Amino acid sequence: MSRRRIAPEQRSLSDISITDIAEEGKGVGKAGELVLFVDKAIPGDVVDVELMRKKKNFAEARISRMIQPSLHRATPFCKHFGICGGCKWQHMEYDAQLIYKQKSVDNALSRLGKVDTSEMETILAAPQTQYYRNKLEYTFSNKRWFTDAEDEQTRTQPNALGFHVPLRFDKILDIEHCYLQQSPSNEIRNKLRAFALEHEISFYDLRQHEGALRNLIIRTASTGELMVIVVFAYADADTVEKTMAFLRNEFPEITSLLYILNQKKNDTIFDQDVHVYAGRDHIFEEMEGLRFKIGAKSFYQTNSAQAYELYKITRDFASFEGHERVYDLYTGAGTIANFVARHVREVIGVEYVPSAIEDAKINSEINGIGNTRFYAGDMKDVLTPQFVAAAGKPDVVITDPPRAGMHPDVVARLLEIAAPKIVYVSCNAATQARDLALLNEKYEVKRIRPVDMFPHTQHVENVVLLGLKR
């Protein structure tokens, strides 16, 4: 649908009640049949708005006057709120965020999946709503996004180290303090930026694909261990050496100090060589006495504390008795597989990424777990009748697919296998609901519980227990 020009006399709408909140963090209201998505509005606000863009049935708008603020309003704690693309819900009290996250899961499952949600359990709140991430990736850029508040002197310095501005791939917001990751994340970022500016090391140009410094990745573990990865693009050996030496000397607490040379057109590092400058090539996470090896390319849930709670709910839903054979689909680095292994007879994990499967095997080995088997390959190609015949039919299937959900062939295979229980962990209730509607042919939903992994965002995990229909 094409955008419509808005006549000046039609730009303003008065007395709009905000009744819901959309995924992008915009408040939802209506003016007659026109649905409004209002920037920085939250449920309970009554506002006058100015229309910015309009289509046939909806429009995007911004607040021109606050008539009555919502009782759920909170003062944003971050100075970058509204420009940075993260933490879009921090202007809403956390208790209200939980209400609307639970509502979003309820709506998706009941509307798209035709699931009875009357017995849905209360969303599990995050005990820590700031500094909860264990991994952040920053971008170096010579195309800084300048805010209205920045003075003329600041505007003469075009380099930035921070996050992408929404909808502008080439513009980076320079971050002073991020509330997502614990110390020393902010200190490392700020001191490295200052060092690079002082020594006139070039920041990456995302359009021309030139410059020395490209990305900074910081991983902090619940064990206290710390990994820092500097991604260079077009840097000579002397620049690499003095940059890495600075970090080693300034932050001796770094457990794993690594660098990567990436001259590709994209930022992905999975096909790049990782060089150890100091320390180990990995750090360790810990959960219930289990240790998980985390390398530069390893996947691990980015909220360690809530990942533990999510896995406990998954285990509780499965209600193991000790004799079960478990399939762990989309196993990643085998975190769930190894977490439940000591409670069952055996676990068989399947994952698309070969390096993740190698991590899963290592994680079993370092924890002395001998009842796991892992296989790499596309799920729809691996999970064949021949595979099931060779591996043995599962008593429980745990599936934790990416946001796109499960491929229809995988859903069809699960219906053929007909395991007594399926525990479906999802980061996208809409695609989960779609898959549940397909599984309804043989399964019924027994339990539902959302888990808040990412406070101040719209994202929510959801765990569903399915049982075979009698």
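The legends below describe several views of one predicted model.

Residues are numbered from 1 along each chain as its sequence is written. Because the model is predicted, local features need pLDDT of at least 70 and side-chain atom pairs count only at pLDDT 80 or more, while totals for chains, interfaces and linings use all residues; side-chain values use heavy atoms, with hydrogens and water left out.

**View 1. The chain as a whole, with its 11 helices and 21 strands.** Helices (H or I, at least four residues) and strands (E, at least two) are DSSP runs, numbered from the N terminus. Along the principal axes, the C-alpha atoms fill a box of roughly 70 × 65 × 40 Å. Of the 470 residues, 53% count as buried, where buried means under 20% relative accessible area, exposed over 50%, and partly exposed in between (1.4 Å probe, protein chains only). Among contacts (heavy atoms within 4.5 Å) with a separation of 6 or more, 62% come from residues 24 or more positions apart.

**View 2. The ring pair of Phe37 and Phe58.** A search of the whole structure finds 12 aromatic pairs; rings of Phe, Tyr and Trp (its six-membered ring) pair if their centres lie within 6.5 Å, and planes under 30 degrees apart count as stacked, over 60 as edge-to-face and the rest as tilted. The centres of Phe37 and Phe58 are 5.9 Å apart with their planes at 80°, so this pair is edge-to-face. Phe37 belongs to strand S3 (residues 34-39) and Phe58 to strand S5 (residues 58-68), so that the pair links distant parts of the chain, 21 residues apart. Phe37 is partly exposed, with a relative accessible area of 25%, and Phe58 is partly exposed as well, at 29%.

**View 3. The ring pair of Phe232 and Tyr259.** Here the ring centres are 6.3 Å apart and the planes stand at 80°, so the pair is edge-to-face. Because Phe232 lies in strand S10 (residues 226-232) and Tyr259 in strand S11 (residues 256-261), the pair ties together parts that are 27 residues apart in sequence. Phe232 is buried, with a relative accessible area of 0%, and Tyr259 is buried, with 19%.

**View 4. Helix H4 (residues 237-250) and what packs against it.** The 14 residues of H4 should span 20 Å at 1.5 Å a residue, the expected span being 1.5 Å times one less than the number of residues, and the end C-alpha atoms are 20 Å apart, which agrees. The buried residues of H4 include Thr239, Val240, Met244 and Phe246. These buried residues pack against helix H3 (185-198), strand S9 (213-220), S10, S11 and strand S12 (275-279).

**View 5. Charges over the rings of Phe284 and Tyr308.** A charge sits over a ring if NZ of Lys or CZ of Arg is within 6 Å of the ring centre and within 35 degrees of the ring normal. Arg291 lies over the face of Phe284, at 4.1 Å from the ring centre, while the charged end of Lys312 is placed over the ring of Tyr308, 4.4 Å from its centre.

**View 6. Lys79 in the loop between S5 and helix H1 (94-112).** At 57% relative accessibility, Lys79 counts as exposed. The C-alpha atoms of Lys79 and Cys178 are separated by 9.2 Å, although the two residues are 99 residues apart along the chain.
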